[in-house]
Amino acid sequence: MPGRSCSSNLACFLSKGYEAISEGAQLDAVYTDYSSAFQSVNHRLLLYKLEHMYGVRGLALRWLSSYLGRRKQRVVVNGKVSDWVPVVSGTPEGGLLSPLLFSLFVNDLPSVVKTGCLMFADDVKIFNKVRNQDDVNMLQDDINAVTRWAAVWRLTLNPGKCKTFKITLKRNIFPSVYHIDGNPLEEVTTIRDLGVVLDQKLTFSDQISAMVSRANRALGVLIRSLQAASPRCRMDRKAILAAYVANVRSILEYCSVVWAGASKCHLARLERVQHKFVVWLAHRTNVQHDSLEYDHLLKLFKLRTLHARRVEADVLFLFKIFKGFISSSHLLQSFSLHVPPRATRNAVSTLFHVPRGRVNCVANGLFVRCPRAVNSFLLALPPTDFLCDSVGKIKKRLALYTEDMRL
């Protein structure tokens, strides 16, 4: 959906997690899994929703009915062919309309949930702040409501793949067991949510390890592919850098605004991957270099540290929220402007209020880190109307601000 992304979805979820940690409570989340979600959408029920919930009628509805229904399928096994049968469910695989049709089909799911609910395609998580048994019962009631909703609309929840996950710093975690149709759900201490590995204390150490491992594999494939070329072959430095940015650095920066508050020792591991690449590039392209120091090689190849790029991503994330490029009223309410109690001659002007983090994971989290990064950015450069500038202007100023930034 326009204005929505994995980063905004995770940010909304983590706002509740940081809130629970700050209050000394815990956040219980249930991650649901539908069996063959896209293939299970009943055509008749989808057309019913399109007509009665979204007002799609007449020629448009008949066109969609034809698009969905006039399809047949058969099975071929070892040369044996079954009879053709009509397709009565599922959105067409690879169709441009399929994601939109599925989103329309499940769009009313949050209306049956009284606690928190976030959806991204077929991924649904339900969560609630837990202090006592009543809070646990409230979340279980919502699980039951989602189960009934799925039964009505012919979607099947798979209890074996549904997980429960807790976010808390408490030593004595409040015990809770959740069920779907009488089947207890497995409780995990880490979970992959939209490509980001979350742990109970939000340290993101597992996420960093997963990224480093994956990026090293991608870098190894890239290096082996280029080394297979003839030694006499002249290597195009720009092409190699483009390949690195697309295949390796993209892994190291995915959803960085979510996990950039990890400890420095973990973040330094990411820089070592880039350092390994620029050292290899210096040797492979035979460029003249006086040193293999990381800073020197970055300037040589006109690259910035990953830390600098994460700071840029933090500033742009907050900028896009206030400019409406990220469509989320919840995130907009989570950041507030700084209003000094009284004017003083020596007061330092700051744009955003930086909340106080009681513990390190909250103090380094995105809801404290992002406004702090914006304030530092605005103080370091000549005055600007941050909320009125274009994205292009902000990016140019950020490039100057982060040019020599180190971890």
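Guide: We'll go from the whole chain down to single residues.

Guide: This is a predicted model, where local features need pLDDT of at least 70, side-chain atom pairs count only at pLDDT 80 or more, and totals for chains, interfaces and linings use all residues. Residues are numbered from 1 along each chain as its sequence is written, and side-chain values use heavy atoms, with hydrogens and water left out.

Visitor: OK. How many helices and strands does the chain have?
Guide: There are 15 helices and 13 strands. Both are DSSP runs numbered from the N terminus: helices are H or I with at least four residues, strands are E with at least two.

Visitor: What box do the C-alpha atoms fill?
Guide: Roughly 70 × 65 × 45 Å, taken along the principal axes.

Visitor: And what share of the residues is buried?
Guide: 46% of the 407 residues. Buried means under 20% relative accessible area, exposed means over 50%, and partly exposed is in between (1.4 Å probe, protein chains only).

Visitor: What about contacts between residues at least 6 apart in sequence?
Guide: Of those, 68% join residues at least 24 apart. A contact means heavy atoms within 4.5 Å.

Visitor: Where is Ser36?
Guide: In the loop between strand S1 (26-32) and helix H2 (43-52). Ser36 is partly exposed, at 46% relative accessibility.

Visitor: What is the phi of Asp181?
Guide: Asp181 has a positive phi too, about 55°, and is not a glycine. It is in the loop between strand S9 (179-180) and strand S10 (183-184). Asp181 counts as exposed because its relative accessibility is 62%.

Visitor: Rings next. How many aromatic pairs are there?
Guide: Twelve. Rings of Phe, Tyr and Trp (its six-membered ring) pair if their centres lie within 6.5 Å; planes under 30 degrees apart are stacked, over 60 edge-to-face, and the rest tilted. One of the pairs is Phe322 with Phe352, which is edge-to-face at 5.0 Å centre to centre and 65° between the planes.

Visitor: Where do Phe322 and Phe352 sit?
Guide: Phe322 is in helix H11 (residues 306-323), and Phe352 is in the loop between helix H12 (329-334) and helix H13 (360-363). They are 30 residues apart, so the pair links distant parts of the chain. Phe322 is partly exposed at 25%, whereas Phe352 is buried at 1%.

Guide: Phe377 and Tyr401 also form an edge-to-face pair, at 5.4 Å centre to centre and 65° between the planes. Phe377 lies in helix H14 (residues 366-380) and Tyr401 in helix H15 (residues 391-401), so this pair ties together parts 24 residues apart in sequence. Phe377 is buried, at 1% relative accessibility.

Visitor: Which residues form an aromatic cluster?
Guide: Phe13, Tyr31 and Phe127 form one.

Visitor: Which ring does Lys49 lie over?
Guide: Lys49 is over the face of Phe105, 4.7 Å from the ring centre. Arg71 is over the face of Tyr67, at 5.0 Å. The rule asks for NZ of Lys or CZ of Arg within 6 Å of the ring centre and within 35 degrees of the ring normal.

Visitor: Now Leu219. Buried or exposed?
Guide: Leu219 is buried, at 1% relative accessibility. It lies in helix H6 (residues 205-227).

Visitor: What does Leu219 touch?
Guide: Val248, Val273, Lys276 and Phe277, not counting residues up to four places away in sequence. Leu219 and Arg249 are 30 residues apart in sequence and 9.3 Å apart in space, C-alpha to C-alpha.

Visitor: Last one. Where is Thr91?
Guide: In the loop between strand S5 (85-86) and helix H4 (98-106). Thr91 is buried, with a relative accessible area of 7%. Leaving aside neighbours within four places in sequence, Thr91 is in contact with Phe38, Val41, Ser98, Leu101 and Phe102.
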